[in-house]
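Student: Please take a close look at a single part of this structure. Then connect it to the rest, in short steps.

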Amino acid sequence: MVEADEPETAETTGERETTMSRAMVSAIASEMRDSDDVFVMGEDVADYGGIFDSTDGLLEEFGREKIMDVPISETGFIGAAVGAAQAGMRPIAELMFADFFGVGMDQIYNQMAKNTYMSGSTVNVPMVLMTAVGGTYNDAAQHSQTLYGTFAHLPGMKVVVPSTAADAKGLMHTAIRDDDPVVYMFHKRLMGIGWMPAPDGPKTSVPEDDYTIDFGEADVKREGDDVTVVTLGLHVHRALEAADDLAEEVDVEVIDLRTLVPLDTETVLESVRKTGRLVVVDEDYHSFGLSGEIVARATEGALADLSAVRRVTMPDVPIPYARPLEQEVNPGREDIIEAVQSTTE
Amino acid sequence: MYGWMVTARYYEERLQEEYLEGKQPAFDISAGPIPGELHLAAGQEAAAAGVCSHLDDADTVTAPHRPHHVAIAKGVDLKRMTAEIFGRRTGLCKGKGGHMHLFDSAVNFAGSGIIAEGCPPAVGAALAAKKRAEDSVAVAYLGEGAISQGGFLESLNLASVQNLPVLFVIEDNDWAISMPKGRVTDVGNGAQRAGGFDMPGKRVDYDDACAVYEAAGEAIGRARDGNGPTLLEVQVHRRMGHFMGDAEGYRPEGDSERAKQRDSIERMESTLQKAGIDDDTVDDIRDRSHQRVEEAIEWAKDQPEPDPDEAYNDVFTNPPAGWTPNTKPGQTESAGDDD
Ligand SMILES: Cc1ncc(C[n+]2csc(CCOP(=O)(O)OP(=O)(O)O)c2C)c(N)n1
C-alpha cells in the first residue's frame, strides 16, 4: 500500500489531473453525500481502502456504517446488496477480483441480473458491483482474468469498463444513479496505485464538479482513416501507443467501447465504414467472447465495407504465472502493431 | 517438527530477500525475479508441522494462498517448489502455477488462491479414500477469515454426513488482509463451527507445535479409524503484512510486535531444551535446514525460464483433435478479403 501520486493543486478551471482510483472515489463520495441510500460493502474496503484503492479515504468521511468491511463470503454480501437494492437502497458491492466471481455467481447472475425481468419489473436492483480485472503482473490464473465477455454475455446487467480517470468518474456517477444493476470493471493496472505503475494515459484531467457519461457511447480516443482498432480498458492505452508507433505508415483510429452493455455498435460501424479495416483488441479469452461479438456486429452491419478483420486476444488458456508465458499470452503493443499491419497487406 | 519449522522460517526470509530484489527503490509488484503476489507465513509454522507430522505421502493436503510452510511440512519437493516460485520451466508446475498454486502430486499436495475453495477437493480426496477402503486421510488448511465462506461450511456438512476421513485446520492469525477476526465473525473460537455439523471441534491456543501435534494426532487417528471428520483451529501469528508490499496501515500500533513476541520457533526451542536436547543438536538441525534452503534457491535460480510457446500446452491432458488455443498472428482469420 504505497501511496500513489496525489492530485496536484487545483486549477482555476475546476479541473485537476488525477488517477483513475481518485476519480472513482470522488464520484462515490459525492453520491454518498447526496443520498443516504448509497453505501459500500466489500472485503478490505474500510481501513485498507480497497486493495486497488477503489474506496481509499471513504472510511474517514463516512464511517463504518457506510463503508462496510464484510466477511469473506461473496455469496452472502453480494446477495445482501441485491436485497438492499430491492429494498430501495443503492449499494455498491466490491468483488475484490473479477476472478472470484464463481464464489458469488448465483447472486450475480440469477438474482442481481434476473430479478427485474422475472418480476416483470415489479422489483428493480439499483446496485453497482465493482470489481478489479486484468493481468500484467504475474499473478497467475486465478487473479488475472478480465472476464468482460462472461459478464456481458449474461442479460440483465449493464457492464462498464473505464480506461481513463475522466471516464471513470462520469461512468461511476451514471452507474450509481442507474436504476439497474451495473457491473463496473476497473483494470488494476490503470488505477494509479503506487505498487503497480500505470501506463501514460489513465491519469487525466478531471472536472471537479459532478458529471455523468451516458452508457452506450463509445469514445473515439484517436481519429484515423486507415484501420479501426476497437478495444477497452488497459488495451486502449496499448492500442494508442501502437497507433503512435505506426503513425508514419498507417492512420489508426482507436475506439474505446467504455460500456459493453449497452454496446455502441453505431460508432464501430461508422468507423469501419470509413476505414474498411477492423482490429479488435481484447484482454479477455479469444473464443465465444467480446472480440467475436464486435466482429459479428461489424460484419452484420458493414460487411460490404470490410476488407480485413483481425482479433488480438488472450488465447484460450488459463493465464500462466511465469513472466515469459504471461507476456506471450497477454496482447501487447507489438501484437497490435502486427495485426494492424496485416490488415493493410 | 523443529526442522520443518526452521526450514519454513528461513525459506521465507530468503524468499523475501529475493522478492525485494528489483523492486527497489519504488515497490513495483511486477518487477524483479519473483513477480506477482507473495504471501509469507512466518509465525504460522506450528500449524503446519504439528499436523503434517502425522501424514505420509498418500495423505492429501490442500493449502490456501499462504502455502509454503504447509508444503514444506508435507514434503513437497523444495527445489522444484522454489523453481516454480521463480517461474522456471523445471518448477513443480512448469512455471504456470506460481506460489499460490503449488501442486506436487508425488505427495498429494494441491493449492488454490480462492478463499476456502481448497476444502471441497479435500473432502473429495477423503471420499476417494473411503470408497477405495484406503486408510489415507485428507487435510484442508484455511485461514480464520475463510470460515464464513460457503465452500467451507458445505464441506463440513458433506464430510460429516458421509463420515469422511478429513481434518479441517483453521490457522487463526487474527487477520484477513486488513480485517481483524472480530469484525467478520462472532465466534472467537472458530472450532465452534463444528458444533453445527455434529463433528468434534477443538482449538489450540498459542502456537505450540507440540499441542497441535497432540490434537491433530487424535483427529487423524479418528479419521483413519473410520470415525469421520474433525475441525481444528490453531492460534498462529501473522508476523508480516498480508502480502509483500502491504504497508499494514490498518494494523494497530504494537500488533506485529506482539505477534513476533509469541514465536512458535522460540517456543519449540525451549521445549526442546526442557526435554534435554542439547544446543549442538538444535544448532545442527538449524544449520542443515538453512543449507537445504540455500541449495534449493541456488538450484532454482539456475533453472531455465519456460519458452513462451509453452503457454499453449497443458490446457487439456488430452487436447481434442482440431482444438487450438487461439488464432495466432499469421494464422488469423480474415473476413471479406475476396469481396
Ligand atoms: C473467494 C475469495 N475472496 C477473496 C479473496 C481475496 N483474499 C485473499 S487472502 C484473503 C484473506 C484471507 O484471510 P484468512 O483466511 O484469514 O487467511 P490469511 O491470509 O490470514 O492467512 C482475501 C480476502 C480470495 N482470494 N478469494
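**A loop, and what lies beyond**

Tutor: Glu248(B) sits in the loop between strand S8 (230-235) and helix H9 (255-261) of chain B. Helices (H or I, at least four residues) and strands (E, at least two) are DSSP runs, numbered from the N terminus. This is a predicted model, in which local features need pLDDT of at least 70, side-chain atom pairs count only at pLDDT 80 or more, and totals for chains, interfaces and linings use all residues. Residues are numbered from 1 along each chain as its sequence is written, chains are lettered from A and ligands numbered from 1 in the order in which they are written, and side-chain values use heavy atoms, with hydrogens and water left out.

Now the backbone. Most residues other than glycine have a negative phi, and most peptide bonds are trans. Glu248(B) has a positive phi, near 55°. Glu248(B) counts as buried because its relative accessibility is 18%; buried means under 20% relative accessible area, exposed over 50%, partly exposed in between (1.4 Å probe, protein chains only).

Ala140(A) is in the loop between strand S5 (128-133) and helix H6 (148-153) of chain A. At 1% relative accessibility, Ala140(A) is buried.

Next, the peptide bonds. Gln24(B) and Pro25(B) are joined by a cis bond, with omega near 0°. Pro25(B) is in the loop between helix H1 (2-20) and helix H2 (45-52) of chain B. In chain A, the bond between Val261(A) and Pro262(A) is cis, with omega about 0°. Pro262(A) is in the loop between strand S12 (259-261) and helix H9 (265-275) of chain A.

Back to chain B, for Thr185(B). Its loop runs between helix H7 (181-184) and strand S7 (201-204) of chain B. Thr185(B) is buried, because its relative accessible area is 9%. Its side chain reaches the backbone nitrogen of Val187(B) at 3.1 Å. Beyond neighbours within four places in sequence, Thr185(B) is in contact (heavy atoms within 4.5 Å) with Ile147(B) and Arg193(B).

Now the two chains together. Their contact takes 52 residues from chain A and 63 residues from chain B. The area buried between chain A and chain B is about 4500 Å², of which carbon and sulfur atoms give 58%. Buried area is the accessible area (1.4 Å probe) that two parts lose on being put together, summed over both. On the side of chain A, Ile72(A), Tyr321(A) and Leu325(A) lose the most area to chain B, together 16% of what that side buries.

Across this interface the rule finds 2 salt bridges. A salt bridge puts a side-chain nitrogen of Lys or Arg within 4 Å of a carboxyl oxygen of Asp or Glu. One of them pairs Asp47(A) with Arg183(B), at 2.8 Å, N to O. Strand S4 (90-97), strand S14 (308-314) and helix H11 (323-329) of chain A each supply at least two residues of the side of chain A that touches chain B. H11(A) gives the largest share of that side, 5 residues.

Key
A polar contact is a pair of N or O atoms within 3.5 Å; within protein, one must be able to donate a hydrogen and the other to accept it, and residues adjacent in sequence count only if both atoms are side-chain atoms.
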